[in-house]
Amino acid sequence: HIGGAPWWTRYQPVSYAIDNSRSGTRAQFIDMVTRCRAEGVDIYVDAVINHMTATQGTGTNGTIFTKYSYPGTWTAADFHPACGINDYGNAAQVQDCELVGLADLATGRANVQQRLADYLVSLAQLGVAGFRIDAAKHIQPVQLDSVITKMNRALVADGRPRPYVFLEVIDMGGEGVPATAYYGLGHHSGGGSDISEFKYRGIGDKFAALGTQKVADLTTFSPSNWGLMPSDKALVFMQNHDTQRAGGLRWNDGNVARLANVFMLAEPYGYPMVMSGYSFDAGSQAGRDAGPPAGNGTAAGQGCAADPATAAVGQWLCEHRDPWLRAMIRFRKAVAGTDRRHNWDDGQMAVGFSRGTLGFVAINNGTGTVNATIQTGLAARSYCDLLTGGEVGGACAGTTHTVGADGRVTLALGARSA
């Protein structure tokens, strides 16, 4: 990719070599994938296949390039004619013109499709388990489908599984390229792909209490009344690397951000993604552009922040290690396949619901304690609260709650707790 410190340099590739990027070498990449896989952690790659760069120079691996020439990869004939995107209601512009001036690949060309598929296949052969397709809505669906299908067929022929794929399609409504246009991608090759559901971020707005919004509104949450895509197509999130830089929930929202993620992980809708990143100065453009901390997280000063809400600028946050989020991932697995029932709210900032008869969650995003007796739908017994410690060595290390014969439980939900 192009050189430079900003986070977005990664989104301007100059070749498909991974020999030397800002993160390290090809050998180090393979080692990471292999070690993670041995621990039950799959790696997916953020694949930038819509475009190249808007400039010229020398890449991090020594590739000398110009905007429309990338030796050994692309020539000028492999790009769409230069044009800008000034009307997002015009699908042809959005999909065939240059996103923020970046050279746009002619993805309708068979040789371009094959080269992109080969790149994805090469990563899957290294053990990569999936892909986020960056800027997917800037590629015509039939053309992107051809790339994914070529990848899937090549991997199946090689005796490998089809990777998990999700597409970055920003669809807030009212534009010329809707998410629905991408629903069928990859299915005829036995695969299929999920799509990033950006409208789901509105849940985060409820927790941030923007305007007159309140968490109790989520009692009636459903894909249909929120205008969301079907659950089996949706990849959902409270924040990602783009939204953090555009005024959405951030790590420094503390327990508010944690509670929003608790709701997302407890809800049966969609396939959830948890952001794990680093802190930056959100008050300036230079701060928002800042790339990741130097080092690999083990160098002096580069360890995980003790509390993301109070992290120093330029520190790894490691939100995936947060005890609440880890507990909620356990909860989600335990209640998989159940629906949402027994909705409860206090009319303001507290909400609760069961997952079938297997689990119950109650969330208070308010600034005071909420006392309530709630129908859980659970069997009568004593339960150990995952969020206050869960079971350790067969004993409850956290708070216990007793559900009565009538299925009800009495709770005192502290401020900003669950």
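Is Cys304 buried or exposed, or partly exposed, and what is its relative accessible area?

Analyst: Cys304 is partly exposed, with a relative accessible area of 32%, where buried means under 20%, exposed over 50% and partly exposed in between, for a 1.4 Å probe and protein chains only. This is a predicted model, in which local features need pLDDT of at least 70 and side-chain atom pairs count only at pLDDT 80 or more, while totals for chains, interfaces and linings use all residues. Residues are numbered from 1 along each chain as its sequence is written, and side-chain values use heavy atoms, with hydrogens and water left out.

Cys304 is joined to Cys318 by a disulfide with an S to S distance of 2.1 Å, a disulfide being a pair of cysteine sulfur atoms within 2.5 Å. The torsion about the S-S bond of Cys304 and Cys318 is about -75°, so this disulfide is left-handed. Both Cys304 and Cys318 lie in the loop between α8 (285-289) and α9 (323-334), 14 residues apart; helices here are DSSP runs of H or I with at least four residues, and strands are runs of E with at least two, numbered from the N terminus.

The bond is one of three disulfides in the structure, and with the bonded cysteines numbered in sequence order the pairing is 1-2, 3-4, 5-6. Cys36, by contrast, is in no disulfide, and the cysteine sulfur nearest to it, that of Cys318, is 13 Å away. Cys36 is itself partly exposed, at a relative accessible area of 24%.
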